[in-house]
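Here is a friendly walk through one model, written for someone who likes to know the cut-offs. Please have a look at it before reading on.

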Amino acid sequence: MSDEILRRLDAVLAARREADPESSYVAGLHAGGIDRILRKLGEECTETVVASKNGERDDIVYETADLWFHSLIMLSHHGLDSGSVLAELERRFGLSGVAEKAARNKQGQ
């Protein structure tokens with residue numbers, strides 16, 4: 001699988017930001033502002049944690065898809081898209097997590 005589905009979702013989410021909130025779930029979230037988007041994102045995060053705790057694979061996948069979807073809405077609200085996150089993941093690829101965290105801690109001193 002490629003990142004094509006993410007690009008397609010990015011395009012749909014960008015278009016729906018300007019749609020009628022009465023006809024689009026995504027537009028309705030945007031109309032409610034960042035607080036509404038973040039409440040929904042938090043709800044999906046909690047549901048993902050519960051699904052993982054319960055260990056039902058189908059539920060874990062379903063809830064993670066909801067979490068990712070709502071994360072994309074949050075990114076869209078800030079004028080970002082999945083490409084921004086994928087670029088950051090690519091930048092980190094091959095880096096030791098321990099070394100990367102230590103470098104961040106040194107920068108923060």
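## A question to begin with

Leaving aside its neighbours within four places in sequence, with which residues is Arg16 in contact? The partners are Ser24, Val26 and Ala27, where contact means heavy atoms within 4.5 Å. Arg16 itself sits in helix 1 (residues 4-16). With a relative accessible area of 42%, Arg16 is partly exposed; that label lies between buried, under 20% relative accessible area, and exposed, over 50% (1.4 Å probe, protein chains only). Gly28 is 12 residues away from Arg16 in sequence, and their C-alpha atoms are 9.2 Å apart in space.

## Ground rules

This is a predicted model, in which local features need pLDDT of at least 70 and side-chain atom pairs count only at pLDDT 80 or more, while totals for chains, interfaces and linings use all residues. Residues are numbered from 1 along each chain as its sequence is written, and side-chain values use heavy atoms, with hydrogens and water left out.

## The overall picture

The chain has 6 helices and 0 strands, giving the pattern α-α-α-α-α-α along the sequence. Both kinds of element are DSSP runs, numbered from the N terminus: helices are H or I with at least four residues, strands are E with at least two.

How does the chain fill space? Its C-alpha atoms occupy a box of roughly 50 × 35 × 35 Å along the principal axes. The radius of gyration is 16 Å, whereas a compact globule of 109 residues would have one near 13 Å; the radius is taken over C-alpha atoms, and the globule rule is 2.2 Å times the number of residues to the power 0.38. Of the 109 residues, 22% count as buried. Among contacts between residues at least 6 apart in sequence, 56% join residues at least 24 apart. The accessible surface comes to about 7900 Å², with 55% of that belonging to carbon and sulfur atoms; such areas come from the Shrake-Rupley method with a 1.4 Å probe.

## Charges and salt bridges

The chain carries 14 positive and 19 negative side chains, and the centres of the two sets lie 7 Å apart. Lys and Arg count as positive and Asp and Glu as negative, with His and the chain ends not counted; each charge is placed at NZ of Lys, CZ of Arg, CG of Asp or CD of Glu. Side chains of opposite charge can pair when their charged atoms come close. The structure holds 6 salt bridges, each being a side-chain nitrogen of Lys or Arg within 4 Å of a carboxyl oxygen of Asp or Glu.

One of them joins Glu43 to Lys40, with the closest N and O atoms 2.9 Å apart. Both residues lie in helix 3 (residues 33-54), 3 residues or about one turn apart. Arg92 and Glu88 are 4 residues apart, so about one helical turn separates them. Salt bridges that share partners also join Asp3, Glu4 and Arg7 into one network.

## A buried glutamate

Leaving aside its neighbours within four places in sequence, Glu63 is in contact with Glu44, Glu47, Thr48 and Ala51.
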